[in-house]
Amino acid sequence: WGIGYATEGGQRCLEFAFNTIGLDAVWSVAPTANFLSIQVMKRLGMHPAGTFVHPNLKDYPELALCTLYKMDRKSYLKGTVQSI
């Protein structure tokens with residue numbers, strides 16, 4: 001916790017997604033209440049893409065509202081990932 005493992009793992013996932021399998025975009029989702037996961041998405045350079053009520057979390061109202069972030073290939077190639 002707090003030593004950069006999530007950010008480092010996210011960086012490797014983005015690298016794999018764009019450089020190895022050639023995706024055009026990567027999406028990430030977390031409950032809006034999960035501030036730390038949202039901070040990781042921001043550090044990775046991902047951009048907010050909206051919020052929604054997750055249908056699989058309807059029995060957990062404190063987690064149901066989710067935040068969606070996106071990174072596209074163009075943004076990734078610009079090197080928007082911040083250092084850990």
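Q: Which residue in β3 is the bridge partner of A25?
A: The partner of A25 in β3 is D72. Please bear in mind that this is a predicted model.

Q: How many bridges join β1 and β3, and in which sense do the strands pair?
A: Strand β1, residues 25-31, pairs with strand β3, residues 65-72, over 7 bridges. The sense of this pairing is antiparallel.

Q: And how many bridges join β2 to β3?
A: Strand β2, residues 47-53, is joined to β3 by 6 bridges, and these two strands run antiparallel. One of the residues concerned is F52, which has C66 as its bridge partner in β3.

Q: Let us turn to the overall layout. What pattern does the protein follow along the sequence?
A: The order is α-β-α-β-α-β-α, made up of 4 helices and 3 strands.

Q: What box do the C-alpha atoms fill?
A: Taken along the principal axes, the box is roughly 40 × 30 × 20 Å.

Q: What share of the residues counts as buried?
A: Of the 84 residues in the protein, 27% are counted as buried. The protein exposes about 5,700 Å², and 58% of that area is supplied by carbon and sulfur atoms.

Q: What about contacts between residues 24 or more positions apart?
A: Such pairs account for 60% of the contacts in the protein that have a separation of 6 or more.

Q: Now the helices. Which residues of α2 are buried?
A: Helix α2 spans residues 35-43, and its buried residues are I38, V40 and M41. They lie on the same side of α2, because the arc they cover around the axis is only 155°.

Q: What covers those buried residues of α2?
A: The cover includes α1, β1 and β3.

Q: Which exposed residues does the face of α2 turned away from the buried side carry?
A: That face carries F35 and L36, both of them exposed.

Q: What follows α2, and is its phi positive or negative?
A: G45 follows α2, and the phi of G45 is positive, near 90°.

Q: Changing topic: how many salt bridges does the structure hold?
A: There are 2 salt bridges in the structure. In one of them, the side chains of R12 and E15 meet at 3.9 Å, N to O.

Q: Where do E15 and R12 lie?
A: Both belong to helix α1, residues 5-20, where they are 3 residues apart, about one turn of the helix.

Q: Are E15 and R12 buried, partly exposed or exposed?
A: E15 has a relative accessible area of 36% and is therefore partly exposed. R12 is also partly exposed, because its relative accessible area is 46%. The limits that matter here are 20% and 50%, with partly exposed residues in between.

Q: Which side chains meet in a salt bridge at 4.0 Å?
A: Those of R73 and D24, with the distance taken from N to O. This pair links distant parts of the chain, 49 residues apart: R73 is in helix α4, residues 73-77, while D24 is in the loop between α1 and β1.

Notes: Residues numbered from 1 in each chain as written. Predicted model: local features only at pLDDT ≥ 70, side-chain atom pairs only at ≥ 80, totals over all residues. Heavy atoms only, no water. Pairing = 2+ DSSP bridges. Buried < 20%, exposed > 50% of the residue type's maximum accessible area, 1.4 Å probe, protein only. Arc of directions from axis to C-beta. Contact = heavy atoms within 4.5 Å. Areas by Shrake-Rupley, 256 points an atom, 1.4 Å probe, with all protein chains shown as cover.
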